[in-house]
Amino acid sequence: MSAYRDKDPRIHGIQSKIRVVPNFPKPGIMFQDITTLLLDPKAFKDTVDLFVERYKGKNISVVAGIEARGFIFGTPIALEIGAKFVPLRKPNKLPGKVISEEYELEYGRDCLEMHLGAVEPGERALVVDDLIATGGTLCAAMKLLERVGAEVVECACVIELPDLKGRRCF
Amino acid sequence: MASQDEQDPRISNISSAIRVIPDFPKPGIIFQDITTLLLDTKAFRDTIDLFVERYRGKDISVVAGIEARGFIFGPPIALAIGAKFVPMRKPNKLPGEVLSEEYSLEYGKDTMEMHVDAVKAGERALIIDDLVATGGTLSAAIRLLECVGVHVVECACVIELPELKGRERLGGKPLFVLLSST
């Protein structure tokens, strides 16, 4: 993996804590396991700090985290920058009125939901997930926020798999 | 809702930030929706602070959070007390070698998993979830951790549904909650 912001000395420590698990969830996939990062309090804190330093003071009032690993990074970031946290969830988990956005998987389709009323028009939002691959989930997340009139300032992930060209979604 | 700690002035705002949704996920269930709490930055901050104040400096090295709403409260607590965060997940989500524990649902069974090498014997752990009902999920988490020699210090939830007697199903482990809903 190459590191963004190579000059920041914390990045190397973070990178070294992420475990690669071959052939999960199926043969040929090299799975980037962030759970080992969460076992190192300093590296986990550094990860959150790097995002907080980037986003604090930018008038961001919403951090939307994608179920479930986006919850792990999104909530500490939201708390630190003083934003509300909005969980974006798989279908039928959120109990209130929701809007849904479908997106493509490698085989088939899935759906992301957000509570109506969680985000107001004009709010500035961040979308957080652990990893971006094809960008399908992040794109669905952005559409949900934009549909309620929010401005998506940026999407933020710990890891990018650049060969899958997720960035082109934006 | 009655509060666990009547004295603490922060509890009342936390309680009023939680939305109750009738008949979800099915008729007759009154669902305690914590997502509205997460929209109130002060109340969310206060919720975390109440747990952190209780657990800081108690030599707790593991915060285990139960998928998925335990992932919302657990990581900020872990970060603030300097503990590692260990996600307890539904089957087939964790990529490494796991331990599994089955537990009962109202109808049927479910399974909870934990990475075997996430924790070491002798570590002191907290288990976090948003809500305790029957205690089935929490007791599965306790068994998983104890099975590898971890000492579960306490289970902590934002909300308890005391009529479902979850507290009695934790194998003698203490339970701390901010709010009790009858």
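In the predicted model, A:T36 touches A:K17, A:I18 and A:R19 when residues up to four places away in sequence are left out of the count. The position of A:T36 is in the loop that joins β2 (30-33) to α2 (41-55) of chain A, and the side chain of A:T36 reaches the backbone nitrogen of A:R19 at a distance of 3.2 Å. With a relative accessible area of 18%, A:T36 falls under the 20% limit and is therefore classed as buried.

A:R19, whose backbone nitrogen is approached by A:T36, also takes part in the contact between the chains, where it forms a salt bridge with B:D117, the closest N and O atoms lying 3.4 Å apart. The count of salt bridges between chain B and chain A is one, and eight residue pairs, both members at pLDDT 80 or more, are in polar contact across the two chains. On the side of chain B that touches chain A, the elements giving two or more residues are β2 (19-22), β3 (30-33), α2 (41-55), α3 (70-81) and β5 (84-88) of chain B. Of these, α3(B) gives the most, with five residues. Sorted by class, this side of chain B holds 20 nonpolar, six polar and nine charged residues.

In terms of residues, 35 from chain B are in contact with 34 from chain A. The two chains bury about 2800 Å² between them, and 70% of this area is on carbon and sulfur atoms. B:L39, B:L79 and B:P95 together supply 21% of the area that chain B buries against chain A, which is more than any other three residues supply.

Chain B itself comprises four helices and 10 strands, which follow one another from the N terminus in the order β-α-β-β-α-β-α-β-β-β-β-α-β-β. Taken along the principal axes, the C-alpha atoms of chain B fill a box of roughly 40 × 40 × 30 Å. Buried residues account for 54% of the 182 residues in chain B, and of the contacts in chain B with a separation of 6 or more, 57% are between residues 24 or more positions apart.

In chain A, the peptide bond from A:F24 to A:P25 is cis, with omega near 0 degrees, and A:P25 is placed in the loop between β1 (19-22) and β2 of that chain. In chain B, the peptide bond from B:F24 to B:P25 is likewise cis, with omega near 0 degrees, and B:P25 lies in the loop between β2 and β3 of chain B.

Positive phi values in residues other than glycine were computed for A:N92, near 70 degrees, and for B:D59, near 60 degrees. A:N92 is found in the loop between β4 (84-88) and β5 (98-104) of chain A, and its relative accessible area of 62% is over the 50% limit, so A:N92 is classed as exposed. B:D59 is located in the loop between α2 and β4 (62-66) of chain B, where a relative accessibility of 63% means that B:D59 also counts as exposed.

Technical notes
Residues are numbered from 1 along each chain as its sequence is written. Chains are lettered from A and ligands numbered from 1 in the order in which they are written. Side-chain values use heavy atoms; hydrogens and water are left out. Contact means heavy atoms within 4.5 Å. Buried area is the accessible area (1.4 Å probe) that two parts lose on being put together, summed over both. A salt bridge is a side-chain nitrogen of Lys or Arg within 4 Å of a carboxyl oxygen of Asp or Glu. A polar contact is a pair of N or O atoms within 3.5 Å; within protein, one must be able to donate a hydrogen and the other to accept it, and residues adjacent in sequence count only if both atoms are side-chain atoms. Ala, Val, Leu, Ile, Met, Phe, Trp, Tyr, Cys and Pro count as nonpolar, Asp, Glu, Lys and Arg as charged, and the others, Gly among them, as polar. Buried means under 20% relative accessible area, exposed over 50%, partly exposed in between (1.4 Å probe, protein chains only).
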